Amino acid sequence: MNGIGLEHILFISTALFFIGVYGFLTRKNMITMLMAIELILNSININFLAFNKYLYADKLDGLFFTIFIIAIAAAEASVAIAIIIHLYRSLKSIDVDDADLMKF
Amino acid sequence: MTNLTILIIVPLLTAIAVLFCRSSAQVKWTSFIGSIIQLGLASSLMYAYISERAMGNTAQMLFQQRYSWYSALNIEYYIGVDGISIAMIMLTAFVVSAGILISWSIQTQVKEFFFLLLLLSVGAYGFFISLDLFTMFFFLEVAVIPKYLLIGIWGSGKKEYSAMKLALMLMGGSVFVLIGLLATYFSTDLGNGIHTWDLMKISQIHIPLQTQLFIFPFLFVGFGVFTALFPFHTWVPDGHSSAPTAASMFLAGISMKLGGYGALRVAMYLMPEAAEQYSWIIVLLATIAIIYGSFATLMQKDLKYMNAYSSVSHCGFILLGIGMLTKTAIVGAVMQMVSHGVMTALFFGAIGMIYERTHTRQISELGGLLKTLPFIGTVYVITGLCSLGLPGLSGFVAEMTVFVGSWQRPDAFHRIATILAAASIVVTAVYILRAAGKSVMGPIVNEHFLHLKDASWNEKVASVLLIAAILAIGIAPFWLYNLIAPDAQIIMENIARAGLGR
Amino acid sequence: MLNSNCIALIPLLPIISFLIIGLAGRRYFPKFSGILGTLSLLTAFILSAIVAFQYFFEVGKVDGVYQKIVAMKYVWLHLLPNVSIDMGILLDPISVMMIVIVTFISLMVHIYSIGYMHGEPRYATYYAFLSLFTFSMLGLVLSTNIFQIYIFWELVGVSSFLLIGFYYEKPSAVAASKKAFIVTRFADLGFLIGILVLSYYSETLDFQTLIARLTTEGPYLSSIAGASFIGASALTWGLVLVFAGGAGKSAMFPFHIWLPDAMEGPTPVSALIHAATMVVAGVYLVARLFPIFSHSCPQALDVVAYIGIFSSLLAAVIACTQTDIKRVLAYSTMSQIGFMMFALGVSGYGGEEGLGFMASMFHLFTHSIFKALLFLGAGAVIHYVHSNEMKDMGGLRKLMPITHITFLLACLAIAGIPPFAGFFSKEEILLACWNSNKIIFGAAVLTAGLTAFYMFRLYFSIFWSKEFKSHNNNHDDGHHGEAPATMLLPLIILAGLSVVAGFVPFSQLVTSDGAGFATEFHIGFALGPILIAVSAIILAWFMYSKESLVPQKVADSLKGFYTAAYRKFYFDEIYLFVTKKIVFNLIGRPAAWVDKNIFDGFMNLLASVTVALSEAIKSFQSGKTQEYAIYFFAGTLGFVLLFIYLWT
């Protein structure tokens, strides 16, 4: 495992993050967008773990945060899916561009 | 009655009780009873105050109460009264009672209407008894926001526009006040970086002149907007004209006095040196407001617009008295606040009664009402005479006190301002008599007017209540004068202590 | 001796009856109101007669001088440490004389009105207003304080307003009442500023202190005489401004325009207010402050004299051309008040020097009697004829014999024919003028001649001239046209007094300094004015006793001047031009316009700018989630870059 340093892991997490952002900005399907958000969150989880392991190996704060984020992500996913279901019921669509009622 | 908090609690409880009423009759009676209790409380407060003073209590503020409200920012619920506040509280009690009686014929959303009206009175009472600047500001806002709804929902004419204009301009004024108050707060260092909102304490602190010069315009303009300081008076005509009768009464009778009271109590009292420096601007603006308001009134065709513009002119006397910085003029300004409050409330009441019956407020469409509506016509004439300063009615006393006080400034600028202000009473006579001559007197112009019903009992009681107040001030002004004068003296002494008084 | 409660009752009785009649009279006892008002006035009159008797004869002179007695004084408003407005009662010869005149004339008018206003729907209101007026007038004459007089001055003005506008359904009455109030209000502004000037320097509002401080050399007098403004001292300004107030109430030039129109009110009101009592308030005011005028400021007194004589002559000329009998009387009132004014203006102070003052007060006294009589007589005529115009009258002497005789006596009195009342007072005035100012004397004699002429023009036109033809069938029922007894009784009483009032020894009672002096009667001096008056009467007889074309010819030959006089020298038009064209159009309208468009416009502009701004940026708020996300990420990225590279 000597060859793998902090930079490698950060590279992966950054790639993951931007894939998530790209997905979030380009996909019109709300479920896919939700998945993109999960990618973003997970990229951050990786970040936390990496920093914890490489910089503060004697502490567990990064680990805790990761667990915390996973919990939040779960809650967020359920709320988001609830919203999506409601939007589907009223709009008969899960295309994010159809849900533009909240404008000026 | 020495517990001042009751003065806020009673109208608040009445307002809440109104929400639980089932029928509109219940609502009206509840509010009426509540307002009568207010009137009783205010009277007994005045009695308690006078007897306390008679017993030789020379504290500046009586019946003080002080509770910490939000200690992190040193905000306290700190209340107390002096003669000036007592006069304003009496004014509020009279106008609110009359306003509730006049509104008897409100048909739509009765509950909400009376609730908001009572909420306004909470704000007014709270404002007049507060000695903590923040509490004062809090109550000032309470007395502003319900007006938006009152005008927007129950108003007439272009009511949405007027409601928005009034709310925005008064809010704009409040912003100035808030900036001024915050600046005052942070310029009071009691040591260790502790600041205070306490009016009494601040008055003892000498705020540096430069700071005063910065703060004073904010406070004065902010409060001035409320009391139709030229050129921030334009909310007055539209706001008053669109408002329902009781709201107009409240607006002109009490709300405009909040500004005058604030300008006197906060701006003048706390910033005496700045007041001295800026007094010529105040006098100038007030004189312009008086003259210009009265000439603008000449051209109005709608009774309510006429009275609204005349309020601009009359409130100019308040600012003139304040700006003149002599004790007599300040007493005159306070008397003018009370007098104009009662008088204009009655005026709007009378106009409301006429409008309700004839469905027009255009002077050209009215005529001969004295014939079919003798009571309302007489009320209209009496209040008109009060407005043009007939001796024996309240307007005369207040205006004359302002004039005599202003005349004590011997330089040409103040003399000319006084003469111009005095000249406005002639213009006042012209527009009042023109309106009265056309609408109340003269031949009946519309056959429909022949079948009008004169005032009902509640309207009669409301009118008599206000007329009694007008007469009480007009015939025996000394009690009001004696009530106010010692406190005006204190304000003057504060100016004198700044080394500038006369 | 003098009981102050008793004196206080004199003004209080009318105000009490005002309250009772005003609040309850109309609903509960409309018919009885007249009697109630009359009774209370009768009591007030008896009380004032008693007070006058006690003052003049029982208290009498102390050291040869009638003292000023302050019977009562309460502080009403304590304005400055040493200045307060008091309410009180001041008795001195002129105020005692005035309360007798006011209560007496008012009583006569009350009695007369019972008949005259009979059947009027607002009968009770009428009596309430009359009582209010009487109260205000009594308060005015009894004032101890210059501000008190101002207060009652305004109250008198408003009662006059209410009574002129009594027939409020007539637009002309409303217009006249407005005009009277506004014109006098304008003059009162001068009065108010005059009070402020005087009180500022003398540091008092009390009459006696004021007079004492401004007539004796001292710091007060030197400060007020030393302060100057546009070429005149503050004292002159103060007094002239106070006189302006007096000129307004007394209908002196240039404030005279309201008086003729005031005749729109009921005729008894004209008799009481616009002939006998209220209009002399200006004279009373000048008399009240006379020591200051005389001692300290002769320039102001000259103003009084010249305004007085000019108004007097102007009014006399106009009176010769008017055809409305009440307007003729109104102008004659103005002319006679001019007499009183310039008599004060030419007077000196003390002893025989003060002849003009005495004469002025004397004329005020006699004039109020015969002018009230003239108005009440005219009222009886109008009551019968139902018209104010001379052309509708004529030949009434047979139909109204008692009115005719009383009217004739009043005309003789005002024309200055001995031994009637007006002769004596007018003689004293002319003598005072002769002693001090020959120009005024000449104008005064001319005016006196004109007075005799127009009064007898009036008399002949009403009672002689053509035969009376009634336009109203009601009168052709065999009765002669005499008014009811309640109307005749005051006429007869007043006519009797017009004959004897001239014999009151005024120079012993009412003088400038309170001490009496003896007047001599110069038969040689009196002869000239009498001859002029008699020849004027003969001229009037020649022109108007029968229907003839002579008056028309005279009018034609003086065409331009006649028309100008008939049109009252266009003063109304000038005032209308100033108010309508200048004040309304050049000040009022622009003020309203500026308010609507500039100040309100500015506020609306602020609002529109805000709206426009939000319109411009609202497209950011597109509702597209992903656009928001782009802004969000871009913002975050921006902050990240900012913190990494720019924040050090």
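These legends accompany close-up views of a predicted model.

**Figure 1**
Chain C is built from 26 helices and 6 strands. The C-alpha trace of chain C covers about 120 × 70 × 55 Å along its principal axes. Chain C has 648 residues, and 54% of them count as buried. Among contacts in chain C with a separation of 6 or more, 79% are between residues 24 or more positions apart.

**Figure 2. Confidence along chain B.**
The mean pLDDT of chain B is 88, and 99% of its residues reach at least 70. Helix α15 of chain B (residues 369-372) is where confidence in the chain is lowest, with a mean of 83. Confidence in chain B is highest in helix α5 of chain B (residues 133-142), at 92.

**Figure 3. Arrangement of the chains.**
There are 2 pairs of chains that touch, and the pair formed by chains B and C has the most contacts. Chain A and chain B are not joined by any contact. The closest C-alpha atoms of chain A and chain B are 20 Å apart.

**Figure 4. The contact between chain A and chain C.**
Chain A contributes 11 residues to this contact, and chain C contributes 10 residues. On the side of chain A that touches chain C, 8 residues are nonpolar and 3 are charged. No polar residue is found on that side of chain A.

Definitions and conventions: Residues numbered from 1 in each chain as written. Chains lettered and ligands numbered in written order. Predicted model: local features only at pLDDT ≥ 70, side-chain atom pairs only at ≥ 80, totals over all residues. Helix = DSSP H or I, 4+ residues; strand = E, 2+ residues; numbered from the N terminus. Buried ≥ 20, exposed ≤ 12 C-beta atoms within 10 Å, placed from the backbone. Contact = placed C-beta atoms within 7 Å. pLDDT = per-residue confidence, 0-100. Nonpolar A, V, L, I, M, F, W, Y, C, P; charged D, E, K, R; others polar.
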